[in-house]
Amino acid sequence: MLQALEGSQAIALAVALCRPQVVAAYPITPQTHIVEGLARLIADGKLQCELVSVESEFSAASVALGAVVAGSRAYTASASQGILLMSEVLYNIAGLRVPLVMTCANRAVSAPLSIWNDQQDSMAVRDAGWIQLYCADNQEAVDTTVQAYRIAERTELPVMVCVDGFTLTHTLEPLEIPSRDQVDAFLPPFHFARALDPLHPISSGTLVSPEYYTEARHAHHQALLRAKDEIVTADNDWAVLTGRASGGLLEVDGPDDARVAILTLGSVFGTLLDAREEYPQLGPVKLIKLRAFRPFPVEALQQVCVGLSDVIVLERALSPGSGGIVGAEVRAALAELSAAPRVHNFAVGLGGRDVPLDIYPRLLAAIQSAFPVRFAILDVELDKLPAEDR
Amino acid sequence: MIEVRIHGRGGQGNVVAAYLLASAAIIEGLFAQAFPAFGAERRGAPVTAFVRVAGQAVRRRCQVRQPDFLIIQDEALLHVPGVTEGVRAGGGILVNSAQGSAELSAVSGRDVISLPATALANQFLGRPVPNTALLAAFLTLMELLPLEALVKALGQRFKGEVLENNVRLIQAAATGVTPGLWRRSETRDAASA
């Protein structure tokens, strides 16, 4: 049954269905409603779970880490500066191979201060060793949250579910919340093989000499690469159970004869679907929804880009002094193709800047140049800047 | 698809109004989407919220730039640049005001419908929160959804005395406008398109 739910509320319900035993989080816009929702479920006796109030995001991540290592299923959520403050712990969680699930309610990073959406926060921790899955709508946020626990627990890797702040977290829309039976059938009770147990003491995360650190990093990298299979399997199994898939590693929508594709992460995908219908005269265009950014699906991406002349990568973050983050990785992956498409790269929707339908014709016009657009921030209004900053 | 933009100030329940309208549409089996565009998160600051109602899943997530309808919770906002921008031809503007529709239209230079929503809210709720009264008037003007759908949406969010008072409020507010004035033969179809 479709219910009218705000994204955050729905994510809280999805987390609760996964029966977490410990939730630790520190409030930060636009993540707050998710944890408030969980707190309410706990207070109302609908979720048996320990809610740990902490004084910072560093502690939130640390409590969640400790809870999983003690054998509990745990959850946390954050955004923006909160993600940055917990970043040291995020690396530890990944390196310790702790299967934690968290939501990143994607938000711009200071300074200047912005509470609004872009994806600079999760991109800043892309090398922490977590799986990162980006959601295009709130139904995907619900379904991916449940899938994330199974992926995390089977791979012993943490999963960050990235959900565009406000654009998804604060949007009310009709959503299907899975039944308790469906989630229980999909997600077995958590058993952590390396849970700390005083009767069988082990050490974890200790000092590693140069003889072993390289191997630990290799093992972690391999685990992330292998996780691609689990991500696909989880989505397939979920689709069998519920009839809904979220796109596995990535999803392509559009006619086979299209020679141009636009690749996005997150909630811009739906806007582009509508824009393509609005401007049919602009010819066939494929839309690629990149769901898994870590692990980066090189092979799957190469496969869907064979035969394309141009790929436009849209992203809501950048690496100042370099350019696009996703764009650079897509370009590197496609360079291996024998007839590699031109890759154009744009940053859009920074700090909550609206991404309107008419972005679509503007993008398709911008790639008519002789050379591919290596990187540009779209919609910069230079007259707002002093001459020396233009 | 019908697109609505709601303008108000922090504390007037703009986002709740958008959520209630979308919820009422979803309860009626339509698809809908509602989301805010917060400015500063404080009471009194101008706040905008958006609602889309359609016969199929709403996929776009951009802000509503060319609304079919505006709901303005504070009449002073009628004079703020940009507030009435982009309203589609054949659309409508509903304003919370103690002035009558003709008077307010003359003053503002726009064809608007007014409802004394703050006074109604004070009367029925004892609080100057104009959002639910305006929604009731909007649904009555549109005849897109029955008032009962709004009652159900309120029931998902409120209970007890607050719910009962709001139900009495919206019934009273619905009598303050002409039923079907904004009804377009294609209204249902437009939502389905």
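Let's start at Pro295(A), in the loop that runs between strand 12 (292–294) and helix 11 (298–305) of chain A. Bear in mind that this is a predicted model. Select Arg294(A) as well and look at the bond between the two: the peptide bond from Arg294(A) to Pro295(A) is cis, with omega near -5 degrees.

There is another cis bond to visit. Pick Thr29(A) and Pro30(A): the peptide bond joining them is cis too, with omega near 0 degrees. Pro30(A) sits in the loop between strand 2 (22–25) and helix 2 (32–43) of chain A. Such stops are worth a click because most peptide bonds are trans.

Next, some backbone phi angles. Most residues other than glycine have a negative phi. You'll find Ser80(A) in helix 4 (residues 80–85) of chain A. Is Ser80(A) buried or exposed? It has 30 C-beta neighbours inside 10 Å, so Ser80(A) counts as buried.

Now jump to Phe166(A), in the loop between strand 7 (159–164) and strand 8 (172–176) of chain A. Phe166(A) also has a positive phi, about 65 degrees, without being a glycine. With 23 C-beta neighbours inside 10 Å, Phe166(A) counts as buried.

Time for a helix pair. Show helix 1 (residues 7–17) and helix 7 (residues 138–155) of chain A: their axes come within 9 Å and cross at roughly 20 degrees. Helix 1 and helix 7 of chain A are therefore roughly parallel to each other, and the crossing is right-handed. To see the contact, select Gly7(A), Ala10(A), Ile11(A), Ala14(A), Val15(A) and Leu17(A) on helix 1, then Asn138(A), Ala141(A), Val142(A), Thr145(A) and Val146(A) on helix 7. Colour this contact by class and you get eight nonpolar, three polar and no charged residues.

Finally, zoom out to the whole of chain A. How many helices and strands does it have? The secondary structure comes to 13 helices and 15 strands. The radius of gyration of chain A is 21 Å, close to the 21 Å the globule rule gives for 390 residues, so chain A is as compact as a globular protein of that length. Its C-alpha atoms fill a box of roughly 70 × 55 × 50 Å along the principal axes. Colour by burial, and buried residues make up 50% of the 390 in chain A.

Methods: Residues numbered from 1 in each chain as written. Chains lettered and ligands numbered in written order. Predicted model: local features only at pLDDT ≥ 70, side-chain atom pairs only at ≥ 80, totals over all residues. Helix = DSSP H or I, 4+ residues; strand = E, 2+ residues; numbered from the N terminus. Rg over C-alpha atoms; globule rule 2.2 N^0.38 Å. Buried ≥ 20, exposed ≤ 12 C-beta atoms within 10 Å, placed from the backbone. Axes fitted to C-alpha atoms, helices over the stretch in contact; angles between N-to-C directions. Parallel < 35°, antiparallel > 145°, perpendicular 65-115°, else oblique. Left-handed = near helix turned anticlockwise from the far one by under 90°. Contact = placed C-beta atoms within 7 Å. Nonpolar A, V, L, I, M, F, W, Y, C, P; charged D, E, K, R; others polar.
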